[in-house]
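This report describes nonpolar contacts and aromatic ring pairs in one protein model. Please consult the structure below while reading.

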Amino acid sequence: MFLLALLALLAPVQAAELEPYVMGQVWTTLYDQDQSAQADSAGYGDPEDDPGFKLRRARLGMIRAPELGASPGERVGFSIILGMSSGADPIVAINPGELGLIDAHMSFAATENLTLSTGLVKVPWGRENQFSSLQLPFQERSIQSNHMVSLREVGATAVWNGPKGIRLSGGAFNGNGSLVGDTDPLLLFAGRAEWATKAQHRRALRTFGSVASPVVGIAVDVAYNNQSATDELVLGGDVIVRVQGLALMAEGHWSQITPLGGVEAPGVLSTTTRFGAYAQAGYSLGERWEPVVRWEVWDEDTARVDNGDLMHVYAGVTAHLLEDSLRVGGGYVLRSERGGSSVPNDTARLWVQYSY
């Protein structure tokens, strides 16, 4: 019914209303610690890049934002973006290096405060996951953001902008990464409640730049992924504070995975609790430099002490050039195992981002 309503209201779109989206990210690994030059085991948050170059992300597409207007067609927006990702975490990498759909959805401004969307969309969960890849200081998300809830899924969402900076969003999704139909009869549900000073939600989804007045964003969220072999409940929250050039951000999530009886083998043999969190601090020096430090922890199973208990520290600086269409930076990733055996796996890298 929703798609039929959108098609009935769709009017011809003027080419001038379309916004091109072009982005590329290139990584240069200067140094990477290896336990074995031929066969290092895959680990959380470690792409195991050897010294050299790789294309981290590439994006190309068109975007049109929905607007309230005299013409019903002005209420309709869409996004179609193609691209590839090389993957910074081999445990969650899907078809690394292959060209495919990154985003493909249609949205409709039902009222001044309510927007409905369907297609391949972002799941309303986690502040870092709501950040555009363009705005990530290290061009990479934390382990908890990559592992607890999918970044994008096929489904439907609703976003309501309420009074006094309140925003509520929620939706239902396939929950298993399938673009061509759900592979089981069950769904992923996610919801997010957030507040931002003076409704500055856009400024609460970036860290670079100086703000004239303080920006504070606070959110809580929940996700429930009911699959044929397991179900998972995820709870958490996040906060961002921006004062002049200072940007502070923190986020934490807890999840519980429960195996279910059935034909399919579950990914866990008993009820498993996971936890992940990070804290990040950065400062914009003028209109060019942005040094940032991020500390994060991840525990894949809180009942066990093993190499799934991690602590990472990222430190780096980025130069924002050509009105921020070009970013060039470098940094160091310190990876340590809080349990199990220590593994030499630190990395020093450079990065370049170009966008239009």
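Leaving aside neighbours within four places in sequence, Ala-223 is in contact (heavy atoms within 4.5 Å) with Trp-125, Val-149, Leu-188, Phe-189, Ala-190, Glu-232, Leu-233 and Val-234. The model is predicted, so local features need pLDDT of at least 70 and side-chain atom pairs pLDDT 80 or more, while totals for chains, interfaces and linings use all residues. Residues are numbered from 1 along each chain as its sequence is written, and side-chain values use heavy atoms, without hydrogens and water.

Ala-223 also belongs to the largest nonpolar core, which has 14 residues; together with Val-123, Trp-125 and Val-149, Ala-223 touches the most other members. A nonpolar core is a set of buried Ala, Val, Leu, Ile, Met, Phe, Trp, Tyr and Cys residues joined through side-chain atoms within 4.5 Å. Buried means under 20% relative accessible area, exposed over 50%, and partly exposed in between (1.4 Å probe, protein chains only).

The whole structure holds three aromatic pairs. Rings of Phe, Tyr and Trp (its six-membered ring) pair if their centres lie within 6.5 Å; planes under 30 degrees apart count as stacked, over 60 as edge-to-face and the rest as tilted. Two of the pairs are tabulated here.

| Pair | Centre distance | Plane angle | Class |
|---|---|---|---|
| Tyr-44 and Trp-298 | 5.7 Å | 50° | tilted |
| Phe-138 and Tyr-314 | 5.3 Å | 50° | tilted |

Phe-138 is buried because its relative accessible area is 3%, and Tyr-314, at 5%, is buried as well. Ring pairs link Phe-138, Tyr-314 and Trp-351 into a cluster.
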